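Colleague: Could you walk me through this model with a few questions and answers? I would like to hear the cut-offs as we go.

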Amino acid sequence: SASVLVFEVFSAAMAEVKRSLGEEFDVVVSGKWRLGAFTFKQENGLRIAAIHQTGALAEWNQAHPDRQVKAGDLLLEVCAEIRDGVPGVRGPGKVLYEELLKVAQPCKLIIGAGPLHG
């Protein structure tokens, strides 16, 4: 029937996008400014070790089930400008952490997919 077909199309559209390790994708966070993640600083970015139940990343994940940020992902760039083609700040985790503390909302984050995306 038509309703079954609509459901199948919707389910396929909502299916999680498979990403390869290190593949970059962007996330736009807004609203209350709290990332809501346990992170640790690495030489090449800010590693996301866990995502809390509240905060900007939890809100993003709930609104975008097909483009979720996951534990193990690497935050590579913080961009105060959400328009495409405008570069943000890249660098060591310490630099990105400091940028997160001062950037206004909304902002764009460039994430490198971790092992849980496979």
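Colleague: Is Asp26 buried, partly exposed or exposed?

Modeller: Happy to start there, with the reminder that this is a predicted model, in which local features need pLDDT of at least 70, side-chain atom pairs count only at pLDDT 80 or more, and totals for chains, interfaces and linings use all residues. Residues are numbered from 1 along each chain as its sequence is written, and side-chain values use heavy atoms, with hydrogens and water left out. Buried means under 20% relative accessible area, exposed means over 50%, and partly exposed is in between (1.4 Å probe, protein chains only). The relative accessibility of Asp26 is 28%, so this residue counts as partly exposed.

Colleague: Which residue does Asp26 meet in a salt bridge?

Modeller: Asp26 is found in strand β1; helices (H or I, at least four residues) and strands (E, at least two) are DSSP runs, numbered from the N terminus. A salt bridge here is a side-chain nitrogen of Lys or Arg within 4 Å of a carboxyl oxygen of Asp or Glu. At 3.1 Å, N to O, the side chain that meets Asp26 in this way belongs to Arg67.

Colleague: How many residues apart in sequence are the parts that Arg67 and Asp26 tie together?

Modeller: Arg67 is partly exposed, with a relative accessible area of 24%. Asp26 belongs to strand β1 (residues 24–29), while Arg67 lies in the loop between α2 (56–63) and β4 (74–79), so the parts that the pair ties together are 41 residues apart in sequence.

Colleague: And how far apart in space are Asp26 and Leu76?

Modeller: Along the chain, Asp26 and Leu76 are separated by 50 residues. In space, C-alpha to C-alpha, the distance is 9.9 Å.

Colleague: Over which ring does the charged end of Arg19 sit?

Modeller: Arg19 counts as buried, at 11% relative accessibility. The side chain of Arg19 also meets that of Glu23 in a salt bridge (3.5 Å, N to O), and Glu23 is partly exposed, with a relative accessible area of 31%. A charge sits over a ring if NZ of Lys or CZ of Arg is within 6 Å of the ring centre and within 35 degrees of the ring normal. For Arg19, the charged end is 4.1 Å from the centre of the ring of Phe25.

Colleague: Which residue forms a salt bridge with Glu98?

Modeller: At 40% relative accessibility, Glu98 counts as partly exposed. The closest N and O atoms are 2.8 Å apart, and the partner is Lys94.

Colleague: Which residues do salt bridges that share partners join into one network?

Modeller: The structure holds eight salt bridges. Those that share partners make one network of Glu24, Glu77 and Arg90.

Colleague: Which element gives the most to the lining of the largest pocket?

Modeller: On a 1 Å grid over the protein atoms alone, a pocket is an open set of points where a 1.4 Å probe fits, with protein on both sides within 12 Å along at least five of seven lines, and lining residues have an atom within 4 Å of a point. The largest pocket is lined by 10 residues, with Arg34, Leu35, Tyr97, Leu100 and Leu101 nearest its centre. With three residues, the one that gives the most is α3.

Colleague: How much space lies in the largest pocket?

Modeller: Grid points are joined across faces, edges and corners, and a volume is the space filled by probe spheres set on the points. By that rule, the space in the largest pocket is about 180 Å³.

Colleague: Is Gly118 buried or exposed?

Modeller: Gly118 has its place in the segment after β6 (107–112). Gly118 and Lys18 are 100 residues apart in sequence and 5.9 Å apart in space, C-alpha to C-alpha. At 76% relative accessibility, Gly118 counts as exposed.

Colleague: What is the relative accessible area of Ala56?

Modeller: Ala56 is in helix α2, and its C-alpha is 8.7 Å from that of Ala37, 19 residues apart in sequence. Ala56 is buried, and its relative accessible area is 3%.
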